[in-house]
Amino acid sequence: MTTKDDIRRDMMGSDTQYCYYCLTPKGDSFSCCRENHFGTFADLYPEDQQALLDEECANIIGDTQ
């Protein structure tokens, strides 16, 4: 069974980049929010990491606690 800690560990090691302003995954985009500032999950502020983690947990295991 996948746990929240498993998901956090996977996200911390991921090279997926997110927009620093709206937390949208970069994908093939060169810019977002009229900027080109992207960073990995590990680079984000703790509160932004928590928001993404809660969303991912809700999608995968239906839990945000």
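The following exercises, each with a worked solution, concern a predicted model.

**Exercise 1.** Determine how many helices and strands the chain has, and in which pattern they follow along the sequence.

*Solution.* Begin with the count: the chain contains two helices and two strands. Next, read along the sequence, where the pattern is α-β-β-α. For the overall extent, the C-alpha atoms fill a box of roughly 40 × 20 × 20 Å along the principal axes.

**Exercise 2.** Describe how helix α1 packs with helix α2.

*Solution.* Two packed helices are described by the angle between their axes and the distance between the axes. Helix α1 covers residues 4-13 and helix α2 residues 46-60; their angle is about 125 degrees, and their axes lie 10 Å apart. Therefore α1 is oblique to α2. The crossing of α1 past α2 is right-handed. On the α1 side, the contact is made by Lys4, Ile7, Arg8, Met11 and Met12. The α2 side contributes Gln49, Gln50, Leu52, Leu53, Asp54, Glu56, Cys57 and Ile60. Sorted by class, this contact has seven nonpolar, two polar and four charged residues.

**Exercise 3.** State what a search of the whole structure finds for aromatic pairs, and where the charged end of lysine 26 sits.

*Solution.* Second, the charged end of lysine 26 is placed over the ring of phenylalanine 38, 5.4 Å from the ring's centre.

Conventions: Residues numbered from 1 in each chain as written. Predicted model: local features only at pLDDT ≥ 70, side-chain atom pairs only at ≥ 80, totals over all residues. Heavy atoms only, no water. Phe/Tyr/Trp six-rings, centres within 6.5 Å; stacked < 30°, edge-to-face > 60°. Lys NZ or Arg CZ within 6 Å of the ring centre and 35° of its normal. Axes fitted to C-alpha atoms, helices over the stretch in contact; angles between N-to-C directions. Helix = DSSP H or I, 4+ residues; strand = E, 2+ residues; numbered from the N terminus. Parallel < 35°, antiparallel > 145°, perpendicular 65-115°, else oblique. Left-handed = near helix turned anticlockwise from the far one by under 90°. Contact = heavy atoms within 4.5 Å. Nonpolar A, V, L, I, M, F, W, Y, C, P; charged D, E, K, R; others polar.
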